[in-house]
Amino acid sequence: MSKTYKIAMLKGDGIGPEVTDAAITVLQAVQDTSDLKLKFLYGEAGFHCIAEQGTNLSDETIALLKRTDACLKGPMTTPEEPGAPVSAAVKIRKMFNLYANVRPCRTYPNVPALKPDIDLVVVRENTEGLYSGVEYEVAPGVGVALRIITKEASTRIADFAFKLAEKRRKHLTYVHKGNILRITDGIFKDAVKAASKKHPDVTIDELHIDAATMQLIKKPETFDVIVTTNLFGDILSDEAAQVTGSLGLAAGANIGETYGMFEPVHGSAPKYTGQNKVNPIATILAAQMMLDYLGEKDAAAKIESAVLKVLSEGKVRTADLGGSSTTSEMSGAIAAQVRSL
Ligand code: NAD
């Protein structure tokens, strides 16, 4: 008998409920047409919880996450005032030690991109760097943020990226700012170089972050796997998403030793809330990455094929892709395609 996976479903804020519902529609189609069995456990997290619960991630939601095999998370609004709760996504990443943030970016049929044939993955260290959340105002008007970089976390993310590159085109680019951040990025660079000895079949090269942002626009098709520290990875992956078409297509995985959280790369886009207008594909592809992580390769492949078919037909297109289809029309078309595969 096939296993039933327990999935924590956090719908989030803004457009979060719309795009997670869209992913649920597609996951339902996969379950109806295969042996896959998912049990969704719905939890509350995000900005909308703060007023009522005083936190964006309650103990109840944390307990729910701990009872599940993986989490599908919608985008959440993050307050920016000093002293406000830290982003729920950052808390979950740290709490479950989801050290690898994996963001694939590729060209899709009928989606205008800067270049054809882009197929790259940004692997971002997810637990430290400038996202350590350690900031002080040391004197009025003088702020300090700690950029914590360790050999342990750098080695772990380098190993992850090399293993991924081994399964792909065997090319790894490591991105840093070692000419300025000599100590912190020196540790990161040394860790990548040491890890490369364990993976001799992977070709490596390096770029400073400023050059990398430029090369990603000039020659995006030359990248395979990019590995970098937390903030640089956040910026590069949004840029890569736009280079390949739309933030509405970019999905991300947060993977640790024992748990995975999957989410769209985009945020809660508050101005589009409730309009049934945004592109749900990023969240649908996040669900695909989740099934892949759970070892359900056939089910994951079904979602990918269905997305590619709908995009290549070009009949259903949301506004970001130049059309006027709704969020639910897009998820309905992908679900119908899953059922016909
Ligand atoms: P955003 O990604 O929400 O929106 C930026 C723009 O991208 C939108 O105005 C829209 O034009 C476009 N866009 C985003 N998602 C789209 C989709 N699915 N389809 C079509 N177009 C889409 O970024 P923002 O405005 O900087 O952030 C809004 C809020 O989201 C902030 O509070 C931010 O902190 C939060 N955020 C959360 C996450 C997360 O939960 N992982 C990630 C990024 C931002």
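The exercises below work through the ligand site and the sheet of a predicted model.

Residues are numbered from 1 along each chain as its sequence is written, and side-chain values use heavy atoms, without hydrogens or water. Local features need pLDDT of at least 70 and side-chain atom pairs count only at pLDDT 80 or more, while totals for chains, interfaces and linings use all residues.

**Exercise 1.** Describe the surroundings of the ligand.

*Solution.* Begin with the neighbours, where a residue is near if one of its heavy atoms lies within 4 Å: 20 residues surround the ligand, and the closest are M76, T78, G267, A269 and N279. Next, sort this shell by class, counting Gly among the polar residues, which gives 9 nonpolar, 7 polar and 4 charged residues. Then look for polar contacts, meaning pairs of N or O atoms within 3.5 Å: a backbone N or O atom of A269 lies 2.7 Å from an oxygen atom of the ligand, and a polar backbone atom of S268 is 3.0 Å from a ligand oxygen. Finally, consider accessible area, computed by the Shrake-Rupley method with a 1.4 Å probe: the ligand taken alone exposes 800 Å², of which the protein buries 68%.

**Exercise 2.** Which strands stand at the edges of the sheet?

*Solution.* First write down the order, remembering that strands are DSSP runs (E, at least two residues) and that two strands pair if DSSP finds at least two bridges between them: 10 strands form an open, mixed sheet in the order β2-β1-β3-β12-β11-β4-β5-β10-β8-β9. The edge strands are β2 (37-43) and β9 (203-208), each with a single partner strand, so one side of each is left without a neighbour in the sheet.

Conventions:
Polar contact = N/O pair within 3.5 Å; in protein donor to acceptor, adjacent residues only side chain to side chain. Helix = DSSP H or I, 4+ residues; strand = E, 2+ residues; numbered from the N terminus.
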